[in-house]
Amino acid sequence: MVWIYLLEKEFKQFFRDPGLPKMLISFPLMMVLVFPFAVSMEVRNINLVVVDNSCSVTSERLIDKCVKSGYFRLVEKSSTPERAQYLMDINKADAILTISSDLEKQLAFGESLPVGIKVNTINGSKGSIAAGYLSNCISSFVAAENSGERLSAGNHIEVSTKFYYNKYMDYKVFMVPALIVIAITMITGFFPALNIVNEKEKGTIEQINVTPIRRSTFILCKLIPYWAVAFFILSSCLFIAWIVFGYTCAGSIFTLFVFTGLHIMVTAGLGLLISNYSDNAQQAMFMTWFFMMVFMLISGIFTPIASMPAWAQAITYLNPLRYYADAMRFVYLKGSTFFEVWYDALGLFLIGVAMMSWAILSYRKQE
Amino acid sequence: MYFIEARNISKGYGSFKALDRVSLQVRKGEIYGIIGPDGAGKTTLFRILTTLMLFDNGNAEVEGFDVVRDYVKIRRIIGYMPGHFSLYEDLSVEENLDFFATIFGSSVAAGYETVREIYSQLEPFRKRKAGKLSGGMKQKLALCCALIHKPSVLFLDEPTTGVDAISRKEFWNMLERIKAGGVTVLVSTPYMDEALLCDRISLIRQGRIIDSGTVDSIIERYPYSLLAVSGERIFPVLKILRQLKGVVSCFAFGTEHHVAVCKETVTVENIRQILVENGFADCAVRNISPGIEDCFMQLAGKE
């Protein structure tokens, strides 16, 4: 009876909050409909400037091929290298393609490539991706020219790429499970912490403490609504991704829920820890921020863990988001079963047990 | 057998001693006042007696239950109203009352008789959110929530701080009626005038209880004669009076000075004569009986 009443109070407060119910609806919508586009690592609309010294049919064809690839936007054909450099200096050009005057001759004799590439690396990843795309375009152009003219080449090796588990290398599919991870972490870890600290700050917890209610009961009743919200968000994200983009989970949805349940245990422990160590909302917010930033940056959500230095990789083993994000991607994209990603479950479980024990030990019934 | 009994309770925050060997005896069915200035340790004492805080030394019992060992039992029989408003501001008046009744395992219907008189004034606003009530109404709601589970003892921590004079009077009238219903009331206040409304009081200062008993018995123990001096230029007089032989202490009390003098050695005439000699012929001097505030000043000065 008391349980039902405590839960009723929490739900009432949740739905009376000016922001939370709106967030409940907008969070999954944003996560699936807006953010996958925004956080895409695909680079498009690279501003290209060409210095065409050859002015031949072949050079025209090369430029045409680059522009038609869809990644580049031709800013202008500059007559001098100085003019091209100037455009890059004023940030109008991301890449400069310089074609030498003897392009056709060089192609015919098969000597070294007669073009130069210059990229703006103010934005490092954009620069390197631009350079990659550009050299891809050029080499495939050269290959096409050669195969057209000289079929004799016996040692000609053609490389074709096939993407597994994400056939069209669609970045959005890749981000959907990762964004679910972020949403669930926020909702189940940090909101309850702020809620508990809020009761501390307002002094209402004082009034609760003199009642015969056990504090564990009280806190558990605070966490449950957020768990319900977390599963609601997980379901609606999956549903929206299916309706709007036609993405479906390759593995079992049940496994996704199991991992979410495990992750909730971790975030609940973290939330309680934060609420134990902070007396007001500012402190809780600051701690929340700190953990959220660290967890997200070294989770493998945005940058692959394998490309981090060894010491950073070692740190990721302490990050619950690493395991959860990894499992979610494996199950969602690849269709892994629970037993194929058992190590993620183990990692989450161990961190969860550690956090929970610490939270319970650090919290005292009486001051 | 006392209803609430504390023996030599000490509590320190680091090197600061918030309570120093505090003892207290409260009888069943009385209004007992803990009276002292801010920072005297009133709230700390209340938090210990309501089982919210552990202490370093001593022991305390409420209705025979030890505050540390039997805290669960104590929490069933007490009502506590902390110094600051601490109900849910986003729940309505009705919902707050319902909530607190339920978590004590009771119901509004079962406890309604206890709070009927106070709650009847809130009834027109029962759908309103608690955060939107006026100060006086919030206080009444807090009192209702502390009483709805029919506690046998009510702890009120500075209930009248920051409340206007009329509401304060009204509040004390409510306490009288609660007492008439058989509830023991322990109340703390920084206002000395409220001491007269309690059956018995303890004066507390810097973590120590400096005197306890009925207001009359404390006043009776006042060891000096008390004179009141008033006049036009009252402040220079203070300096002269303090230098006089036989004057124990002299404090400004509003527009007057209260002068404590040793009995029999100094009289009204002595003082009047000295003031005239010093050019303060317009000052009036008269004998007065001490109030609780004079007692507090005297006891505090003794420490």
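Into which domains is chain B divided? In this predicted model, chain B consists of domain 1, spanning residues 4-219, and domain 2, spanning residues 223-302. The C-alpha centres of domain 1 of chain B and domain 2 of chain B are 37 Å apart. Where the two domains touch, domain 1 of chain B contributes nine residues and domain 2 of chain B contributes seven.

On the domain 1 side of this contact in chain B, the elements giving two or more residues are strand 9 (200-205), strand 10 (208-213) and helix 7 (215-220) of chain B. Helix 7 of chain B makes the largest contribution to that side, with three residues. The side of domain 1 of chain B that touches domain 2 of chain B is made up of seven nonpolar and two charged residues, with no polar residue.

Chain B as a whole may be described next. Its secondary structure amounts to 10 helices and 14 strands. Along the principal axes, the C-alpha atoms of chain B fill a box of roughly 75 × 45 × 35 Å. Of the 303 residues in chain B, 41% are buried. When contacts in chain B between residues at least 6 apart in sequence are considered, 70% of them join residues at least 24 apart.

Strand 1 of chain A pairs with strand 2 (residues 72-78) of chain A in the parallel sense, over six bridges. In this pairing, A:Val50 stands opposite A:Lys77 of strand 2 of chain A. The path from strand 1 of chain A to strand 2 of chain A runs through helix 3 (residues 57-68) of chain A, forming a right-handed β-α-β crossover. Strand 1 of chain A also pairs in the parallel sense with strand 3 (residues 95-99) of chain A, over five bridges. There, A:Val49 stands opposite A:Ile96 of strand 3 of chain A.

How do the two chains meet? The contact involves 18 residues of chain A and 22 residues of chain B. On the chain A side, helix 1 (2-16) and helix 8 (204-209) of chain A are the elements that give two or more residues. Helix 1 of chain A supplies the largest share of that side, namely six residues. By class, the side of chain A that touches chain B comprises five nonpolar, seven polar and six charged residues.

The confidence of the prediction remains to be considered. The mean pLDDT of chain A is 83, and 92% of its residues score at least 70. Confidence in chain A is lowest in helix 5 (residues 103-109) of chain A, with a mean of 76, and highest in helix 13 (residues 320-334) of chain A, at 91. Residues 150-156 of chain A have a pLDDT below 50, and this stretch makes zero contacts in the model beyond near neighbours in sequence. Where pLDDT is low, predicted coordinates should not be read in detail.

Notes:
Residues are numbered from 1 along each chain as its sequence is written. Chains are lettered from A and ligands numbered from 1 in the order in which they are written. This is a predicted model: local features need pLDDT of at least 70, side-chain atom pairs count only at pLDDT 80 or more; totals for chains, interfaces and linings use all residues. Helices (H or I, at least four residues) and strands (E, at least two) are DSSP runs, numbered from the N terminus. Ala, Val, Leu, Ile, Met, Phe, Trp, Tyr, Cys and Pro count as nonpolar, Asp, Glu, Lys and Arg as charged, and the others, Gly among them, as polar. Domain bounds come from an automatic or database domain assignment. pLDDT is the predictor's confidence in each residue, from 0 to 100. Two strands pair if DSSP finds at least two bridges between them. A crossover is right-handed if, with the strands pointing away from the viewer, the path from the first strand over the helix to the second runs clockwise. A residue is buried if 20 or more other C-beta atoms lie within 10 Å of its own, exposed if 12 or fewer, and partly exposed in between; C-beta atoms are placed from the backbone.
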